[in-house]
Amino acid sequence: MTEPDDRSIHTQHISTVHNVPMRVLIRPIPSELDPGKVQSLVETLQALQRETIPAKIIPSTLSDLRTYLGSSTPHLR
């Protein structure tokens, strides 16, 4: 049985949680032009008042990243 904090089948086998700076996160979701949703997201992020967010890091390849991020994939070396 998994821990209650595990919310993804992709990370349930990973136990290490890192504090990832929110400023380095990139958005793998298609652009949303609904002003109400954008404002809600902005308000939620401001309410958190956090520099970092807890995250499990999944080892992946550049090909994996391109699949999930599409044109948002950063130029990596």
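**Notebook: a predicted chain**

I started at the end of helix α1, which is followed by Gln49, a residue with a positive phi near 45 degrees. Helices here are DSSP runs of H or I of at least four residues, strands are runs of E of at least two, and both are numbered from the N terminus. Most residues other than glycine have a negative phi. Gln49 is not a glycine, yet its phi is positive. I placed Gln49 in the loop between α1 (35-48) and β2. Gln49 counts as exposed because its relative accessibility is 74%; the classes are buried under 20% relative accessible area, exposed over 50%, and partly exposed in between, with a 1.4 Å probe and protein chains only.

**Ground rules**

I noted that this is a predicted model, where local features need pLDDT of at least 70, side-chain atom pairs count only at pLDDT 80 or more, and totals for chains, interfaces and linings use all residues. Residues are numbered from 1 along each chain as its sequence is written, and side-chain values use heavy atoms, with hydrogens and water left out.

**Whole chain**

I read the pattern along the sequence as β-α-β-α, which comes to 2 helices and 2 strands. The chain has 77 residues, and buried ones make up 9% of them. Accessible areas come from the Shrake-Rupley method with a 1.4 Å probe, and for residues only the protein chains shown count as cover. Of the contacts between residues at least 6 apart in sequence, 80% join residues at least 24 apart; contact means heavy atoms within 4.5 Å.

**Helix α1**

I checked the span of α1: its 14 residues reach 20 Å from first C-alpha to last, close to the 20 Å expected at 1.5 Å a residue. The expected span is 1.5 Å times one less than the number of residues. At the N-terminal end, Asp34 caps α1 through a side-chain oxygen 2.9 Å from the backbone nitrogen of Gly36. I also looked up Leu45, which sits in α1. Leu45 is partly exposed, since its relative accessible area is 41%. From its C-alpha to that of Met22, 23 residues away along the chain, I have 9.5 Å.

**Nonpolar patch**

Which residues make the nonpolar surface patch? I have Val24, Leu25 and Ile53, with a patch area of about 230 Å². Patch residues have over 30% relative accessible area and no salt bridge; like charges are joined within 9 Å, and nonpolar side chains (Val, Leu, Ile, Met, Phe, Trp, Tyr) within 5 Å. A salt bridge is a side-chain nitrogen of Lys or Arg within 4 Å of a carboxyl oxygen of Asp or Glu.

Leu25 lies in the loop between β1 (18-21) and α1, while Ile53 belongs to strand β2 (residues 52-55). Leu25 is partly exposed at 47% relative accessible area, and Ile53 is partly exposed at 31%. I found the two 28 residues apart in sequence and 9.7 Å apart from C-alpha to C-alpha. Leaving out residues up to four places away in sequence, Leu25 touches Val20 and Ile53.

**Thr73**

Is Thr73 buried or exposed? Thr73 is buried, because its relative accessible area is 13%. I located Thr73 in the segment after α2 (62-69). Its side chain reaches the backbone oxygen of Gly70 at 2.7 Å. Beyond four places in sequence, Thr73 touches Leu62, Leu65 and Arg66.

Note on methods
A polar contact is a pair of N or O atoms within 3.5 Å; within protein, one must be able to donate a hydrogen and the other to accept it, and residues adjacent in sequence count only if both atoms are side-chain atoms.
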